[in-house]
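Hi,

Here is the structure I promised to pass along. Have a look, and my notes on the sheet follow below.

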Amino acid sequence: MASKTSLWIARLLWLAPALMLFLAVNQTKVAFDLRQTLRQGMPAVAEVTEYRRVDRKDVTNAELSLRVRLPDGAVISREKMALPYTLAFMVEKDSLEVRVLPGADQEIVIASIAATQSRIAAINAAISLFGFFFFGAGVFWWNRYLRKKGDPALRTQATPPA
């Protein structure tokens, strides 16, 4: 019979597949939102107010801040927008063509890299969904094993006959 602690921990392991499912849903939504803004957003030109790229061996990242002046005179600013490091070289400019969809979850997307960012998010969603099934199967198997056969760490070793 499995101990209460083993059963509690085995049930707590369900958090891993739940997290993977949450990530899959989140990344699917991000991919959809990026595509929606790219297709339905109005074209504009954004001024790059800050660009930062770190090229160290241990840390590689890129981010930029944008200011977009809309045709109606409104100004939308985004600070420290994270970029995929591999696409950062494409936005090393003073101004960028963007698509703006006010009120959307992804209000501003950079036109030259938005389709690629959407594909990256979709791939992340697929990998997370695979992780959900993979971890879910393992946790299901372990919980079932504990219910049927008990915790193997608590079994006594039988000594072989001499």
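First, some terms: strands here are DSSP runs of E with at least two residues, helices are runs of H or I with at least four, and both are numbered from the N terminus. Two strands count as paired if DSSP finds at least two bridges between them.

Keep in mind that this is a predicted model, where local features need pLDDT of at least 70, side-chain atom pairs count only at pLDDT 80 or more, and totals for chains, interfaces and linings use all residues. Residues are numbered from 1 along each chain as its sequence is written, and side-chain values use heavy atoms, leaving out hydrogens and water.

Now the sheet. It is open, with five strands in the order β3-β2-β1-β4-β5 and antiparallel pairing. β3 (75-83) and β5 (108-110) sit at the edges, each pairing on one side only.

β1 and β2 (residues 60-69) are antiparallel and joined by nine bridges; they make a hairpin with four residues between them. Tyr51 has Leu64 in β2 as its bridge partner.

On to β4: six bridges link it to β1, again antiparallel, and Met42 stands opposite Val100 in β4. β4 (residues 95-100) also pairs with β5 in the antiparallel sense, over three bridges. There, Val100 has Ile108 in β5 as its bridge partner.

What packs on the sheet? Helix α2 (residues 15-40) does, touching β1 (42-55), β4 and β5, where contact means heavy atoms within 4.5 Å. The helix direction makes about 85° with that of β5; axes are lines fitted to C-alpha atoms (for helices, over the stretch in contact), and angles run from 0 to 180 degrees between N-to-C directions.

Cheers
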